[in-house]
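I am opening a notebook on this structure and will write down what I looked up, entry by entry.

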Amino acid sequence: MDLVAPLPVSLRQLQYVVAVADLGGFRKAADACHVSQPSLSAQIAQAEAALGVTVFERNRRQVRVSAAGHAIVAQARAVLVAAGDLVELGRQLADPFTGTLRIGVIPTISPYLLPEIAPALARAYPRLTIVWREDHTSGLVRQVNDGTLDAAVLALEADLGTLEHAPLMRDPFLLAAAPEHRLARPTRRARIQDLDDEGVLLLDDGHCFRDQALQLCARVGAREAGYRATSLATLVQMASAGRGVTLLPSIALPVENRRGQLVVREFTAPGPGRTIALAWRRGSALAASFTLLAAAMKRAVEAERPPAAMRSLHRAS
């Protein structure tokens, strides 16, 4: 390839192509790109002519990506991500902790760790603005890969694909039940086998915490109770009403069991749990900065949740 020859398409044209593919129409894409629709349409037509491929099939009612266009859109995304990395590299070399970072976080982590992590990061990096976005794991992984997000706080036990990561903490799972439930009576630590033939309340599809709990239930013959919750708060309410036992991440305990409505038992070692980590796209220009950011997050978590205090909290509950 001649590196000095002019390229037939521009980054702006590729941005327009991806916007139309994502939004499903020229008008929506034009609004999102802050350009007139005729101008956007003309630029896409020029790109199609230069590439020799009809990327979009158009009619009066809809716009669809053509069979050949799917490959063009995928490559356009890759080019735009690489261009973004170039910009980020320049920013990192100047000062990696200024400007804005977009970081995702899953719903079973965000309400419990962000109140501790966000203020600590603001103190450590006062010129850095972090925009947090909550979503399920699959959505966050996709957004990190396509450059919509810079990084995400996730559980390593989920499918993270090729994302790189730095661990933040281990989050043990706890057995939680209403005081009158038979599994709330023993004072010893729970065993996974105690769940045999029990109805276990779980989160709805899409939560990686549900997938981990299902795997645990399958190992011991537990069954899913006839209710799926959209949040850990709802799981706690259903369990406290005697609808079944549930599993709780230990980080959620101070918030979700603050009234002591559930009896909570730790599992015998090695008990079930997850590893919470900061993950980013492989090859990201900000990889070194994310390692430092993860270290700051880890220090904040350890300062707020010393291991001895957590163990005492679990036993007291």
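This is a predicted model: local features need pLDDT of at least 70, side-chain atom pairs count only at pLDDT 80 or more; totals for chains, interfaces and linings use all residues.

**Entry 1: the whole chain.** Residues are numbered from 1 along each chain as its sequence is written, and side-chain values use heavy atoms, with hydrogens and water left out.

I then looked up the secondary structure, taking helices (H or I, at least four residues) and strands (E, at least two) as DSSP runs numbered from the N terminus. The protein chain has 11 helices and 11 strands, and its C-alpha atoms fill a box of roughly 75 × 45 × 30 Å along the principal axes. For contacts I used heavy atoms within 4.5 Å; among those between residues at least 6 apart in sequence, 72% join residues at least 24 apart.

**Entry 2: helices H1 and H2.** For helix pairs I worked with axes, which are lines fitted to C-alpha atoms over the stretch in contact, with angles running from 0 to 180 degrees between N-to-C directions. Helix H1 (residues 11–23) and helix H2 (residues 26–33) cross at roughly 125 degrees, and their axes come within 8 Å. Angles under 35 degrees count as roughly parallel, over 145 as roughly antiparallel, 65 to 115 as roughly perpendicular and the rest as oblique, and H1 and H2 are therefore oblique to each other. On the H1 side the contact is made by Tyr16, Ala19, Val20 and Leu23, and on the H2 side by Phe26, Lys28, Ala29, Ala32 and Cys33.

I sorted these residues by class, where Ala, Val, Leu, Ile, Met, Phe, Trp, Tyr, Cys and Pro count as nonpolar, Asp, Glu, Lys and Arg as charged, and the others, Gly among them, as polar. The contact of H1 with H2 has eight nonpolar residues, no polar ones and one charged. Cys33, in this contact, is buried, with a relative accessible area of 18%.

**Entry 3: Gln13.** Is Gln13 buried or exposed? Gln13 is found in helix H1, and it counts as buried because its relative accessibility is 6%. Residues up to four places away in sequence aside, Gln13 touches Pro8, Gln43, Gln46 and Ala47.

**Entry 4: helices H5 and H10.** Helix H5 (residues 110–124) and helix H10 (residues 287–304) have axes 9 Å apart and pack at an angle of about 125 degrees, which makes H5 oblique to H10. I found Leu113, Glu116, Ile117, Ala120 and Leu121 of H5 meeting Leu293, Ala296, Met297, Ala300, Val301 and Glu304 of H10. By class, this contact of H5 with H10 has nine nonpolar, no polar and two charged residues.

**Entry 5: Leu202.** Leu202 lies in strand E7 (residues 199–203) and is buried, with a relative accessible area of 2%. Its contacts, leaving aside neighbours within four places in sequence, include Arg210, Leu214, Tyr227 and Leu235. The C-alpha atoms of Leu202 and Thr246 are separated by 6.8 Å, although the two are 44 residues apart along the chain.

**Entry 6: disulfides.** Taking a disulfide as a pair of cysteine sulfur atoms within 2.5 Å, I counted zero disulfides. Cys208 is buried, with a relative accessible area of 8%.

How values were computed
Buried means under 20% relative accessible area, exposed over 50%, partly exposed in between (1.4 Å probe, protein chains only).
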